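These are my notebook entries on a single protein chain.

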Amino acid sequence: FNTADCFSAEGLLENMAQSAALRSGWLAAEKAGKDGSFSPPVGFIGSVKKFIIHRLPKINTYITTEITAVAEIFNATMITARIMQNKDILAEAELKIFLNQ
């Protein structure tokens with residue numbers, strides 16, 4: 001199968017990073033004041049480990065991204081990320097995310 005018809009490896013990694021950012025924003029929103037105003041933290045990826053691509057998804061197909069916080073120490077969060085299509089794991093990685101507090 002032609003990889004030109006597939007989502008790129010870089011796109012999968014960006015998907016993981018954006019999903020991790022969404023998690024941080026969600027947590028910040030939960031802590032928001034009664035008026036609903038909040039300022040989500042700005043963060044950056046400190047490291048990527050064990051980035052494994054099992055298969056690239058074809059473009060215009062649905063994928064699901066699962067983010068799990070493994071450890072949180074001060075402003076650093078270690079997460080595992082998995083991208084799936086149906087029940088097949090397409091890609092997985094460990095990311096260390098740092099948030100500016």
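**Entry 1: overall build**

I counted one helix and four strands in the protein chain. Reading along the sequence, I noted the order α-β-β-β-β. The model is a predicted one, and I read every entry below with that in mind.

I then looked up the extent of the C-alpha trace, which spans about 50 × 30 × 20 Å along its principal axes. The chain has 101 residues, and 25% of them count as buried.

Among contacts between residues at least 6 apart in sequence, 61% join residues at least 24 apart.

**Entry 2: the cavity**

Next I asked where empty space is left. Rolling a probe the size of a water molecule over the atoms shows this.

How many cavities of 30 Å³ or more does a search of the whole structure find? The search finds one. The volume of the largest cavity is about 40 Å³. I listed its lining as Ala20, Arg23, Ser24, Thr77, Ile79, Ile97 and Leu99. Helix 1, strand 3 (76–85) and strand 4 are the elements that each give two or more residues to this lining. Helix 1 gives the most, with three residues. Sorted by class, the lining of the largest cavity holds four nonpolar, two polar and one charged residues.

**Entry 3: the second largest pocket**

I turned to the second largest pocket and recorded a volume of about 160 Å³. It is lined by 13 residues, of which Ala17, Ala21, Gly43, Phe44 and Ile97 are the closest to its centre. Ile97 was already in my notes as a lining residue of the largest cavity.

Which element supplies the largest share of the lining of the second largest pocket? Helix 1 does, with five residues. At least two lining residues come from each of helix 1 (9–30), strand 1 (42–53) and strand 4 (88–100). By class I found ten nonpolar and three polar residues in this lining, and no charged residues. The lining of the largest cavity, by contrast, includes one charged residue.

**Entry 4: Phe38**

I located Phe38 in the loop between helix 1 and strand 1. Is Phe38 buried or partly exposed? Its relative accessible area is 40%, so Phe38 is partly exposed.

I then listed its contacts, leaving aside neighbours within four places in sequence: Gly25, Ala28, Ala29 and Ala32. For one of these, Ala28, I looked up the spacing as well. Phe38 and Ala28 are ten residues apart along the chain, and their C-alpha atoms are separated by 6.9 Å.

**Entry 5: Lys49**

Which residues is Lys49 in contact with, leaving aside its neighbours within four places in sequence? I found Ala93 and Glu94. I also looked up the spacing to Arg82, which is 33 residues from Lys49 along the chain. The C-alpha atoms of Lys49 and Arg82 are separated by 13 Å.

Key. Residues are numbered from 1 along each chain as its sequence is written. This is a predicted model: local features need pLDDT of at least 70, side-chain atom pairs count only at pLDDT 80 or more; totals for chains, interfaces and linings use all residues. Side-chain values use heavy atoms; hydrogens and water are left out. On a 1 Å grid over the protein atoms alone, a cavity is a set of points where a 1.4 Å probe fits but cannot get out, and a pocket is an open set with protein on both sides within 12 Å along at least five of seven lines; lining residues have an atom within 4 Å of a point. Grid points are joined across faces, edges and corners, and a volume is the space filled by probe spheres set on the points. Ala, Val, Leu, Ile, Met, Phe, Trp, Tyr, Cys and Pro count as nonpolar, Asp, Glu, Lys and Arg as charged, and the others, Gly among them, as polar. Buried means under 20% relative accessible area, exposed over 50%, partly exposed in between (1.4 Å probe, protein chains only). Contact means heavy atoms within 4.5 Å.
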